[in-house]
Amino acid sequence: MKLTQDGEILAENKVLILYILNKLTEPITNDNLLRLILSVMDMNYFYFQQFLLDLLEKKYIVCFEKEHKQVYQITDSGKNTLDLTDDILPGIIKLKVDTSFESELKESEEADSITAEYTPRDENNYTVTCKINEKNNCIFEVSVFAGSREEAKKIVDNWKENAYRIYPEILSSLNN
């Protein structure tokens, strides 16, 4: 797909973004929005970013920070535009969005629900922050010290793999 190709296809791609954002009840990150788009149709990453910029410039969508992440949400103007241009989007694409939407969205939310990262304090000291998010709200966060980059990475990897087991153990210990 060339960005200079006919305006109908460009408009269709923008309407698809609005259509998906309109279905969401919560703001969504760039990566998760792209994941939802790609579950429905093939779209070049750079064109996707350009479509987002165009929609932002026209104020059909907004981008803001939530929980230290940039998220997107459709505006009232975007909803009005979607109402007027909804027929541009082929029925088969709407059907794909409507049928694959729930599972893809759940997968995206689960991928974002358990996070961990490490931040260097100096050459041999790191702070590791492990979190569990639910519906874009942090429900659990713990920060720990690591004495080396390798140890910090190991803690991050362990949290991402075992948070489902570690979290209840920590809660149980805190409640005793």
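The legends below describe several close-up views of a predicted model. Residues are numbered from 1 along each chain as its sequence is written, and side-chain values use heavy atoms, with hydrogens and water left out. Because the model is predicted, local features need pLDDT of at least 70 and side-chain atom pairs count only at pLDDT 80 or more, while totals for chains, interfaces and linings use all residues.

**View 1. Helix 6 has a kink centred on Asn-162.** Helix 6 covers residues 149–175, where helices (H or I, at least four residues) and strands (E, at least two) are DSSP runs numbered from the N terminus. The kink is about 90 degrees, the bend at a residue being the angle between axes fitted to the seven residues ending there and the seven starting there. The end C-alpha atoms of this 27-residue helix are only 32 Å apart, short of the 39 Å that a straight helix would reach; the expected span is 1.5 Å times one less than the number of residues.

View 2. Among the residues of helix 6 that are buried are Ala-152, Val-156, Trp-159 and Asn-162, where buried means under 20% relative accessible area, exposed over 50% and partly exposed in between (1.4 Å probe, protein chains only).

**View 3. Aromatic rings pair at four places in the whole structure.** Rings of Phe, Tyr and Trp (its six-membered ring) pair if their centres lie within 6.5 Å, and planes under 30 degrees apart count as stacked, over 60 as edge-to-face and the rest as tilted. Tyr-118 and Tyr-126 form an edge-to-face pair, because their ring centres are 5.8 Å apart and their planes lie at 75 degrees. Tyr-118 is partly exposed at 25%, whereas Tyr-126 is buried at 9%. Phe-140 and Tyr-167 are also edge-to-face, with centres 5.0 Å apart and planes at 70 degrees, and this pair links strand 6 to helix 6 across 27 residues. Phe-140, Trp-159 and Tyr-167 form one aromatic cluster.

**View 4. Asp-54 of helix 3 (residues 45–57) makes a polar contact with Lys-14.** Asp-54 has a relative accessibility of 18%, so it counts as buried. The side chains of Asp-54 and Lys-14 are joined at 3.1 Å; a polar contact is a pair of N or O atoms within 3.5 Å, and within protein one must be able to donate a hydrogen and the other to accept it, while residues adjacent in sequence count only if both atoms are side-chain atoms.
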